[in-house]
Amino acid sequence: MNNVIETKNITKNFDELVAVNSVNLKIKRGELFGLLGPNGAGKTTLLSMLSTILKPTSGTAKVNGYDIIKKPNEVRKSIGIVFQDPSLDDRLTGRENLQMHAALYKVPKNVREKRIDEVLELVELKDKANSLVRTYSGGMKRRIEIARGLIHYPRILFLDEPTLGLDPQTREHVWEYIKQLAKREKITIVLTTHYMEEADLLCDRVAIIDYGKIIALNTPSNLKNSLEGDSVILNLKDSEKAKKIFPKAKYFDGKISLSVKNAEKEIAGILDIAKKKKLGVLEASIRKPSLNDVFLHLTGREIREEVADNRERMRRRFGGH
Amino acid sequence: MDIELDAVYIVWLREVKKYFRAKERILGSLAMPIFWFLIFGSSMRFTVNVGSNIDYSTFLAPGIIAMALLFTSIFSGVSVIWDREFGFLKEMLVAPISRLSIVIGRSLGGATTAVIQGIIIMILSILLGVKFSLFSIVILIPLMVLISLGFVSLGITIASLMETVEGFQLIMNFIVMPMFFLSGALFQISNLPNIFKIFVYIDPMTYGVEALRYISTGGFSSIPFYVSLSFVVVFSAVTSIIGAYAFSRRK
């Protein structure tokens with residue numbers, strides 16, 4: 001069995017609102033898979049169904065071979081979850097939170113402490129393990145939650161917006177841990193995010209989700225290449241002359257930008273022409289489209305943080321918890 | 001649903017650990033009973049007639065113990081809403097264990113902390129001159145456990161029905177305080193006019209107080225011991241079942 005998660009027309013309605021609309025998704029074993037979409041797109045709702053917190057309205061899914069409706073307890077044992085909102089007891093120490101989790105997930109007593117030390121080392125929190133969680137920084141809390149999600153040897157780790165609300169530096173730190181994790185623990189990681197650079201940087205494959213439907217699914221680079229929207233940007237001594245030679249080019253900040261299909265291949269030819277015509281190339285650079293451009297292309301909208309019309313706020317409310 | 005002992009233990013342990021860590025809370029929750037005992041006890045001593053051969057402190061001590069049990073238990077049970085508010089409840093509910101195990105662990109944990117409070121009050125009253133026989137102490141402790149379990153479960157039930165943390169104060173004002181004042185904790189219920197007696201007799205706290213008082217004073221109570229004990233047992237059993245049900249049903 002190659003697919004560790006397989007959904008079959010999985011759907012969730014909240015009253016007349018369709019939060020997840022007949023999604024069919026296959027996630028391979030060992031993959032770092034991203035669900036990218038704006039707030040309220042249905043990412044958390046989908047994740048909640050896969051982790052048996054919510055029951056689907058129709059359709060079903062198999063997680064680690066177990067049906068989420070028929071075998072919820074088996075599913076729960078197979079997965080680790082890091083929720084979007086913090087879910088630590090901050091009056092307990094980091095280690096106590098982990099001990100509690102180990103007991104709740106029936107990790108055999110004789111391996112508990114060893115396993116706790118392992119995951120603490122993984123997130124580099126061994127020194128702080130015996131301090132109360134309320135003294136932790138935001139990034140440390142996230143890391144201890146990630147560690148907690150790993151204690152019971154899950155086959156799949158769900159991360160719901162793992163870097164939401166973290167400062168940029170901490171965010172990069174958490175990314176680093178997630179990457180290491182995927183390598184060292186050899187588990188499947190499914191994360192939701194509305195940060196396109198997060199999906200781009202971390203994920204092997206990304207599903208772009210909007211209004212409860214998956215509108216694109218591929219590797220980040222294939223998604224971006226599908227746009228055929230690279231640019232070659234030149235900073236020239238004589239940009240007036242360039243206007244005649246590259247009539248379709250756009251001009252900005254004294255530079256010219258040329259739209260091409262594949263910038264890496266075509267830049268050589270462009271530079272040849274510029275040299276022949278003696279335009280005096282000072283700088284040349286390539287700009288690849290971001291996943292945001294992909295989303296923009298597919299939906300006509302941007303993935304922004306505050307997309308909070310009523311409909312989406314409703315979804316967040318129901319889907320988030 | 002199965003009961004996982006390991007999970008019950010860890011949930012119990014959490015309650016107890018948190019209790020001992022919240023030093024301010026222990027002091028705060030003791031302040032009120034001590035206040036009652038010292039101020040109320042000494043000034044009311046001459047105005048309340050509790051019978052010929054028993055002094056007011058001896059009469060009051062079981063009432064104050066019951067008060068500590070009531071406050072600590074309800075607080076502990078209702079604190080489920082704080083767990084929900086701060087997200088920790090989710091961590092427990094998603095775990096592959098039955099909710100029954102969680103609710104049992106919580107009830108036992110809450111009852112443990114309440115009984116510790118009760119024992120502290122008992123020691124305090126001994127220091128203030130109230131006499132407890134060794135026999136009565138041996139009986140009082142399991143009785144305290146029984147009473148506390150009922151109140152913790154009542155708290156869990158309320159918390160499971162409540163939507164927001166804001167309702168917390170409301171519960172304290174409209175449930176806990178009347179339960180305390182209408183019980184015979186501070187006065188002898190047989191001295192009351194009949195209209196009040198109805199409220200006193202429907203207050204579950206009354207039976208807890210009277211059962212404790214019967215044991216601690218060696219037979220002084222307005223209600224026969226077998227009646228108050230039976231009531232306490234039935235009340236605890238029923239609220240435990242309702243509490244477990246409400247907690248399990250809650251999404």
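Predicted model: local features only at pLDDT ≥ 70, side-chain atom pairs only at ≥ 80, totals over all residues.
pLDDT is the predictor's confidence in each residue, on a scale from 0 to 100.

View 1. Chain A comes out with an average pLDDT of 85, and 94% of its residues score at least 70. The stretch to watch is residues 305-313 of chain A, where the pLDDT is below 50. Leaving aside near neighbours in sequence, that stretch has nine contacts in the model.

**View 2. A six-stranded open sheet in chain A.** At the edges sit strand 7 (79-82) and strand 11 (213-218) of chain A, each pairing on one side only. From one strand to the next, the twist averages 15°. Helix 5 (residues 138-150) of chain A packs on this sheet and touches strand 7 and strand 8 (156-160) of chain A. The direction of helix 5 makes about 165° with that of strand 7 of chain A.

**View 3. Zooming in on strand 7 of chain A and its partner.** Strands of a sheet pair through backbone hydrogen bonds, either parallel or antiparallel. Here strand 7 and strand 8 of chain A run parallel, joined by four bridges. Look for A:Ile79, which stands opposite A:Ile156 in strand 8 of chain A. Which residues of strand 7 of chain A point one way, and which the other? A:Ile79 and A:Ile81 point one way, A:Gly80 and A:Val82 point the other way, and all are buried. In a regular strand the side chains alternate between the two faces of the sheet.

**View 4. The other edge of the sheet, at strand 11 of chain A.** Strand 10 (residues 205-210) of chain A pairs with strand 11 of chain A in the antiparallel sense, over five bridges. One pair to pick out is A:Ile209 and its bridge partner in strand 11 of chain A, A:Ile214.

**View 5. Two positive phi values in chain A, at A:Asp15 and A:Ser22.** A:Asp15 isn't a glycine, yet its phi is positive, about 55°. You'll find A:Asp15 in the loop between strand 1 (3-14) and strand 2 (17-23) of chain A. Is A:Asp15 buried or exposed? A:Asp15 counts as exposed because it has 7 other C-beta atoms within 10 Å, and the cut-off for exposed is 12 or fewer. A:Ser22, also a residue other than glycine, has a positive phi near 45°. A:Ser22 is in strand 2 of chain A and is partly exposed, with 15 other C-beta atoms within 10 Å.

**View 6. Where chain B meets chain A.** The contact takes 19 residues from chain A and 16 residues from chain B. On the chain B side, helix 1 (5-21) and helix 5 (88-94) of chain B each supply at least two residues. Helix 1 of chain B gives the most, with seven residues. Sorted by class, the side of chain B that touches chain A has eight nonpolar, one polar and seven charged residues.

**View 7. Helix 3 of chain B crossing helix 7 of chain B.** The axes of helix 3 (residues 56-78) and helix 7 (residues 134-161) of chain B come within 7 Å and cross at roughly 35°. The crossing is right-handed. Helix 3 of chain B brings residues including B:Leu69, B:Leu70 and B:Ile74 to the contact, while those from helix 7 of chain B include B:Ile147, B:Phe151 and B:Ile158. By class, this helix-helix contact has 13 nonpolar, six polar and no charged residues.

Technical notes. Residues numbered from 1 in each chain as written. Chains lettered and ligands numbered in written order. Pairing = 2+ DSSP bridges. Axes fitted to C-alpha atoms, helices over the stretch in contact; angles between N-to-C directions. Contact = placed C-beta atoms within 7 Å. Nonpolar A, V, L, I, M, F, W, Y, C, P; charged D, E, K, R; others polar. Left-handed = near helix turned anticlockwise from the far one by under 90°. Buried ≥ 20, exposed ≤ 12 C-beta atoms within 10 Å, placed from the backbone.
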